Amino acid sequence: MNILSFDVGGTSIKYGIVNEYSEISMKGSIKTPDNENSFLEVINSIINKCDSKLNKISIAMPGFVDKKNAIYLYGTNIKYKIDFNKIKDFNYSDFIIDNDGNVAAYAEYQLNYKDKVKNLIMLTFGTGIGGGIINDGNLVRGNSNAGELGHILISEKTEIVCNCGKKGCLESIVSARSWTERCKDLSHEEPDSELAISFSEKKVGSILFNQNINLTKKQIAVKDEIITYISRGLVSIYEIFNNELFILGGSMSKEPYDLVKLIKHNIDKNFEFIGREFPDIKISNFQSDSGLIGAALLAQHE
C-alpha cells in the first residue's frame, strides 16, 4: 500500500509517499499558499505527480478539521477555510484529514510506545505549537478537535497577542518560531557573542539551548524565560491528564540540543509531586517526519 501523506504547517507543506511499513520512499516540501484556491492547486499538482503509485491520500492540518466532511475549518497559522471536496476526482473513501498534532502523537504511540505506556501527550514545536493526546491507548478528540495544547494560557504577558486572538497562550510565547525570533534579536544586540556566531551558522532558535555555548547575562535570561514557560505548560497539562510520557517534536526535533535537560532541571527545581512521579520527556523518534508517518498510519487504520 502506498499513501500520499501531507503534513501542513503555517510555513511549509511537507509531503511524501509512505508504505504500509511506515517507510517514506519519496518526500518533498513546498511553501504554504495564502488562500484556498492556491492551496488546492498545490495539492492537486502533487497528487497528479504521484497518482499512479497511490492507494490513499492523507493530510494533516494545523488546526480545526471536520473529518466527516473533509473540510479544514480554521487554524491560527492558516486562517482560511479549505474544502478538500474541491480536489479534482475527489474520492472520500480514499481521503483522510486530521489534525497535525493528533497524527504526530498517533505515530509515536503506535510505532514506539504502544507496549510501554497507555497515556502519552505530544507537543509539536514549529510555527505554532500543536498537540496530540493519547489516553488509554486512544486519541482524545473531545467534541471533535481536542488537543490544541498550544493555546493553554500560561502567561500574564498581555502585550503578546497570539494568532488565535487570546493573550498569554503557550504558542505565542514559546513556539519554535518565537525562539528563532528571540535569537535574531539577541544576535543583533550582541553580534560578537558566541550565540550570535552559532546562530549565523545554524539559523535555528534551539541553538539557545546548547549548553556548550557561553551565553551572556541577557541571553541566559531569555533562555530561562522560555524554559520556565514550557515547564509551566507541561506541568499544567500533566495535572489535567496524569499522562505517563511527554513527546516533544516538530521542526526543532532535529536539533533540540539540551532542551529536554533544561526543562527537566527546571521542573525538578521548582515543582514537587508528592506521591507521584512527573512523566519522562523525550524527543520525537521521527523528528520532523512524525506528521507524514502519522497521517499515513491513520489512513491505514480508519
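Visitor: What makes the crossing of H6 past H7 right-handed?
Guide: A crossing is right-handed if the near helix is turned clockwise from the far one by less than a right angle, left-handed if anticlockwise. H6 passes H7 in the right-handed way. This is a predicted model, where local features need pLDDT of at least 70, side-chain atom pairs count only at pLDDT 80 or more, and totals for chains, interfaces and linings use all residues. Residues are numbered from 1 along each chain as its sequence is written, and side-chain values use heavy atoms, leaving out hydrogens and water.

Visitor: At what angle do the axes of helix H6 and helix H7 cross?
Guide: At roughly 70°, coming within 9 Å. The axes are lines fitted to C-alpha atoms, for helices over the stretch in contact, and angles run from 0 to 180 degrees between N-to-C directions.

Visitor: Why is H6 called roughly perpendicular to H7?
Guide: Roughly perpendicular covers 65 to 115 degrees; under 35 is roughly parallel, over 145 roughly antiparallel, the rest oblique. The crossing is roughly 70°, so H6 counts as roughly perpendicular to H7.

Visitor: Which residues of H6 meet H7?
Guide: Contact means heavy atoms within 4.5 Å. Lys-223, Ile-227, Thr-228, Ile-230, Ser-231, Leu-234 and Val-235 in H6 meet residues of H7, among them Leu-262 and Ile-267. By class, the contact has eight nonpolar, three polar and one charged residues.

Visitor: How do you know that E10 and E11 pair?
Guide: Pairing needs at least two bridges by DSSP. E10 (residues 129-135) and E11 have two, in the antiparallel sense. Ile-134 stands opposite Leu-139 in E11. Helix H2 (residues 100-113) packs on the sheet, and its direction makes about 45° with that of E10. H7 packs on the sheet too, touching E12 and E13.

Visitor: How many bridges join E4 to E8?
Guide: Five, and the strands run parallel. Met-61 stands opposite Asn-99 in E8.

Visitor: What makes E8 mostly covered?
Guide: Buried means under 20% relative accessible area, exposed over 50%, partly exposed in between (1.4 Å probe, protein chains only). Five of the five residues of E8 (residues 95-99) are buried.

Visitor: Why is Lys-167 called partly exposed?
Guide: Lys-167 has 48% relative accessibility, so it counts as partly exposed. Lys-167 is found in the loop between E11 and helix H3 (170-174).

Notes. Helix = DSSP H or I, 4+ residues; strand = E, 2+ residues; numbered from the N terminus. Nonpolar A, V, L, I, M, F, W, Y, C, P; charged D, E, K, R; others polar.
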